[in-house]
Amino acid sequence: MMPSGSNGPEEARPIRRGRQDGMPDRRESDSRKLLRRLRDTLASKAEGQARLDRIVALIAESMRTEVCSLYLFRDPETLELVATRGLRGEAVGKTRMRLGEGLVGRTARTGQPVNTGNAPAEKGFRYMPETGEEIYSSFLGVPVQRVGEKLGVLVVQSKEARQFSDDEVYGLEVVAMVLAEMSELGSMTAGGEGLRALHTRPMMIRGGSGQEGTAEGHVWLHEPRVVITNPVADDPERELDRIRNAVAQLRVSVDDLLGAEALDKDQRAVLEAYRMFANSRGWLKRMEDDILRGLSAEAAVEKEQSAARARLEQVPDAYLRDRLHDLDDLSNRLLRILTGQGQDTGAEMPPDPVLVARNIGPAELLDYGRRLRGVVLEEGSVGSHAAIVARALAIPLVIHADRITSEALNGDHILVDGDQGIVHLRPDETVAAAFRDKIAMQTEAQKRYAVLRALPAQATCGTTVSLHMNAGLMADLPSLEGSGAEGVGLFRTELQFLIRANVPRRDELVRLYARVMDAAKGRRVAFRTLDIGSDKVLPYMKPQDEPNPAMGWRAIRLGLERPGMLQMQLQALIRAAAGRTLTVMFPFVARMDEFMAARDHFDRVLARERAFGHDVPSRVEVGAMLETPSLAYAPRAFFEATDFISIGGNDLKQFFFAADRENERVRRRYDTLDPAFLAFIRHIVDRCGEAGTPLSFCGEDAGRPIEAVALAAIGLRTLSMRPASIGPVKALLRRVNLDEAREVIDAAVAQGEPTARDALTRYLAALP
Ligand code: PEP
Ligand code: MG
């Protein structure tokens, strides 16, 4: 479990600590004196620049170097010299370098100290003539950073050609830590644009789209940052006691977690790693050393956390990165113990909250519910459970928003563009105004769609397409009225299972399904039986170690081999439907015999219910999802045996083109309007037509207006989609002549176009 190599917590870093270097107490007390003087200076009323000048002078004196300079980030890519003792004063505000450029830039990029006795000979050295630094041979730069947040670089230089001792490096790192903390409190603001206090700059973060939609609001941090108000401590003995007690408490809490029953293999492995870190002597020892240098217990934890984060960015190995993440989490726990700051910081949720989190579980997201205007996650994925819930709640979601949790503060103004996967944090007024225009246009469009709500999706040629919605949670159902959907074409029953910590009981399911049918008020709801496995792993089920879960033991395959759960679910559906029509479909059927076996389970459960005198549905429809190409070539008897077929276009397309729907690299590579795919869908339309089997399409493509027109043009008469897509799809269908659209598609295919999209788009653009 213990990571080998240079990043483990036990690893003795090449820095000698105070007590081993021969001059322990003097160095430590010098360091403490310097930190106290820095603290007083930072707290003084002096003007920004005067204060910065005093800081560098103090450090140069204490380190006995001719030069001390502070560089801060002007923007995420550029560092600027903001104060110096020893270099030419004119260079302040002028000397700039890019991240990675020169030794200062290198220190900033790697987050690691650069220490050399012969700076000009160092690889990447860049000479800045305006500073007059050519006479200084030795150079020591340390990053000014706060839990992974790069703020700048602190440099000392001297004429004498010598490497700085490990002890000096360490001392300067401690000083840099205090500066980082103080800048967090806004004390380092010097007025100029480049020196604005942290967390005040506008930022745009480009992530990925998890759920479309736009929102404006204010940040609400799911896990608020711990605020440290005392980086420098006067009484090291007291701080040592505090850190030791806190670590002891942390160890107990990790042991308690490990003692809990019902941990699976992975949870246990993570906790074991936590325990190992929590018991690591190296980790505690480093923090004790930091305290002896004058840091408070909290600042010492953060200093180690910052160092771990900086290493995290450099580590390519996924396993080591995970372990460093563990260490990061553990540091957060320790900070919460030390500061007493729990989840509840007393802050008030803004009226227009945009939730910002590293990641969030589906149940937690549901707890926030529709109060949220938007959600921004640093991690997450398109298929994650949080994304599923955000979709159900129709909340715009941006995922992979790099560094958002360290950049955003509670209450920051934020714009979320879920369509483009972009976040604007603390936007300028011009950006905010443009964004508001976009929101206003969308609201306008929604109003237009609302007018269409009660009208049919009837094309100008007279053909009507029936539009249904996809759902999976109770939270979806209010959309049934609002969207104008005729029914629920796909109810993904597994979502209820995914958001809970344990298996729902049968009577709970009966109540839930009955509520869904009540809410549908007689409209058709097609309940799909559990589609678990693949990316949808239930929290309480042992995940199967499969090389390719999307093509593995999932959905109906699992249901048929472990029929207990399937039978329980069918029974719940039958009971819930008592006296009404019940529509059930089986996911991921690849062959006729799988459907027949599933149907057989259904028939037997139904017969048993009847025999026991329970109320049964007045009518049943049992269908199959067509999600694997093989099923399109099943015997005619299959099409005759099904009451209906629904094309699961997401899976069908991924298997048709062999392109993983979860893989960003390939998932958009193949067009739904590719002639081969269209021909394949036509084949399915024909087969259902021959057997007289009703056919629908319920993948994401059904909700994209151009795709929806193409599907309708080649013969689909029922489409099921996200509720928010019904308006745009209906609005377009009502303007289209489907016979013409089919001719356009046929002509493009006949001409050998790689996709019919361009031709169809041109045709649609020219519509009156
Ligand atoms: C599909 O595959 O198209 C489908 C509707 O099912 P899911 O997205 O839940 O796999
Ligand atoms: Mg599917």
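Select ligand 1 together with Arg492 in this predicted model: a side-chain N or O atom of Arg492 lies 2.7 Å from an oxygen atom of ligand 1, a polar contact in the sense of a pair of N or O atoms within 3.5 Å.

Next, show the 14 residues around ligand 1, of which Arg492, Arg528, Gly648, Asn650 and Arg661 come nearest; a residue counts as near if one of its heavy atoms lies within 4 Å. Colouring this shell by residue class gives three nonpolar, four polar and seven charged residues. Selecting α21 (649-656) and β17 (488-492) picks out the elements that give two or more residues to the shell, and α21 provides the largest share, three residues.

Residues are numbered from 1 along each chain as its sequence is written, and chains are lettered from A and ligands numbered from 1 in the order in which they are written. Local features need pLDDT of at least 70, side-chain atom pairs count only at pLDDT 80 or more, totals for chains, interfaces and linings use all residues, and side-chain values use heavy atoms, with hydrogens and water left out.

Note on methods
Polar contact = N/O pair within 3.5 Å; in protein donor to acceptor, adjacent residues only side chain to side chain. Helix = DSSP H or I, 4+ residues; strand = E, 2+ residues; numbered from the N terminus. Nonpolar A, V, L, I, M, F, W, Y, C, P; charged D, E, K, R; others polar.
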